[in-house]
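I shall go through one chain, from its overall arrangement to a few individual residues.

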Amino acid sequence: MPEAITFAVFGFVALAGAVGMLMAKNPVYSAVGLLSTMFSLAVMYILLDAHLVAVIQVIIYAGAVMTLFLFVIMLIGVDRPNAYCDRPRIQQVMTVVVAGCLLYTSPSPRDGTKDRVCRLLLEKG
């Protein structure tokens, strides 16, 4: 039961970080959202007993890659308010439409898609 609660909490944190990363107007805040998502994924790897992958996630991605991202953000100066413009309305509408289409056409686990893929992969030619 504690594992399920931990998974639910960090799953919510990962989703909130991902949404915050996509919705932030300031690139530095976007990088912080990505960082919280990476740490949440590391906790989920620990729950799956994949400790090495969790350590690699923290050291490589959350440490080195995020430091590189922040250096690039600061170097090119997009943290200044006049360095970027607001998103056009059509781009926002098209993003919602494409995301809706992808979610609508994605296979459901109840369809047995995983079982069919496994059978196709393991079938002898």
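**Overall arrangement**

Read from the N terminus, the elements of the chain follow the order α-α-α-α-α. In total there are five helices and zero strands; helices (H or I, at least four residues) and strands (E, at least two) are DSSP runs, numbered from the N terminus.

Please note that this is a predicted model, in which local features need pLDDT of at least 70 and side-chain atom pairs count only at pLDDT 80 or more, while totals for chains, interfaces and linings use all residues. Residues are numbered from 1 along each chain as its sequence is written, and side-chain values use heavy atoms, with hydrogens and water left out.

The accessible surface of the chain is about 9900 Å², and 73% of this belongs to carbon and sulfur atoms. Accessible areas come from the Shrake-Rupley method with a 1.4 Å probe; for residues, only the protein chains shown count as cover. Of the 125 residues, 18% count as buried. Here buried means under 20% relative accessible area, exposed over 50%, and partly exposed in between (1.4 Å probe, protein chains only). Turning to contacts, meaning heavy atoms within 4.5 Å, we consider pairs at least 6 apart in sequence: 55% of these contacts join residues at least 24 apart.

**The core**

Which residues make up the largest nonpolar core? There are seven: Val28, Ala31, Leu34, Met38, Ala62, Met66 and Ile73. Helix H2 (27-47) and helix H3 (51-76) are the elements that give two or more residues to this core, and H2 gives the most, with four. By a nonpolar core I mean a set of buried Ala, Val, Leu, Ile, Met, Phe, Trp, Tyr and Cys residues joined through side-chain atoms within 4.5 Å.

Not counting residues up to four places away in sequence, Met66 touches Ala31, Leu34, Leu35, Met38 and Tyr61.

Serine 30 is also in helix H2. Is serine 30 buried or exposed? Serine 30 counts as buried because its relative accessibility is 17%. With neighbours within four places in sequence left aside, serine 30 is in contact with Met21 and Ala24.

**The surface patch**

We now move to the surface. Phe39, Leu52, Val55, Ile56, Val58, Ile59, Ile60 and Tyr61 form a nonpolar patch there, with about 720 Å² of accessible area together. H3 contributes the largest share of the patch, seven residues.

One of the patch residues, Val55, is located in helix H3 and counts as partly exposed because its relative accessibility is 45%. Phe39 lies in helix H2 and is likewise partly exposed, at 38% relative accessible area. Phe39 touches Val58 and Ala62, not counting residues up to four places away in sequence. The C-alpha atoms of Phe39 and Val58 are separated by 6.6 Å, although the two residues are 19 apart along the chain.

**Leucine 47**

Finally, Leu47 belongs to helix H2. Its relative accessible area is 27%, so Leu47 is partly exposed. Leaving aside neighbours within four places in sequence, Leu47 is in contact with Glu3, Thr6 and Phe7. Between Leu47 and Phe7 the C-alpha to C-alpha distance is 7.6 Å, across 40 residues of sequence.

Notes:
Patches are made of residues with over 30% relative accessible area and no salt bridge: like charges are joined within 9 Å, nonpolar side chains (Val, Leu, Ile, Met, Phe, Trp, Tyr) within 5 Å. A salt bridge is a side-chain nitrogen of Lys or Arg within 4 Å of a carboxyl oxygen of Asp or Glu.
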